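Please look over the structure shown here, together with its sequence.

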Amino acid sequence: VAVYSHINEVIDYIAKMPYGQQAAIFSTKSETIAPLIDILSTAVGRININTQCGRSPDAFPFSGRRSSALGTLSVTESLKAFSTETVIAAKASDLNNSLLIGAESISNFLAPVL
């Protein structure tokens with residue numbers, strides 16, 4: 001948990017942090033979470049929406065980025081790393097369902113692959 005005055009402080013921190021297992025976003029607005037999902041999707045292996053970071057059920061893939069899960073990579077490993085899945089997790093609730101539906105039309109990461 002960190003205190004910040006402007007969202008750019010968070011974005012700068014994400015760009016510089018060496019770790020990349022999970023992050024949590026707490027909000028009631030799709031417009032707030034969508035750009036953060038886009039930024040975090042390249043930095044962490046799991047993005048939690050209105051849910052604290054924690055261990056996933058074993059049915060979810062374990063993934064991480066940067067120093068948290070990937071070391072020096074060969075070409076083959078690099079190709080696999082670019083394919084690492086990112087899980088977006090939220091507890092089942094009307095609010096979270098509405099947030100994610102709203103974020104789909106704003107977030108590049110959540111947009112359908114054509």
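Predicted model: local features only at pLDDT ≥ 70, side-chain atom pairs only at ≥ 80, totals over all residues.

Residues are numbered from 1 along each chain as its sequence is written, and side-chain values use heavy atoms, with hydrogens and water left out.

**Strands**

- Helices (H or I, at least four residues) and strands (E, at least two) are DSSP runs, numbered from the N terminus.
- Strand β1 (residues 22-25) pairs with β2 in the parallel sense over 4 bridges; pairing requires that DSSP finds at least two bridges between two strands.
- In this pairing, Gln22 is opposite Arg46 of β2.
- Between β1 and β2 the chain passes through helix α2 (residues 30-40), a right-handed β-α-β crossover (clockwise from the first strand over the helix to the second, with the strands pointing away from the viewer).
- β2 also pairs in the parallel sense with strand β3 (residues 87-90), over 4 bridges, and Ile49 is opposite Ala90 in β3.
- On strand β2 (residues 46-49), Arg46 and Asn48 on one side and Ile47 and Ile49 on the other are all buried (under 20% relative accessible area, with a 1.4 Å probe and protein chains only).

**Largest pocket**

- A pocket is an open set of points on a 1 Å grid over the protein atoms alone, where a 1.4 Å probe fits, with protein on both sides within 12 Å along at least five of seven lines; lining residues have an atom within 4 Å of a point.
- The lining of the largest pocket has 23 residues, and Val1, Ala2, Val10, Ala23 and Ala24 lie nearest the centre.
- α1 (7-16), β1 and α2 each supply at least two lining residues, and α1 gives the most, with 5 residues.

Technical notes. Buried < 20%, exposed > 50% of the residue type's maximum accessible area, 1.4 Å probe, protein only.
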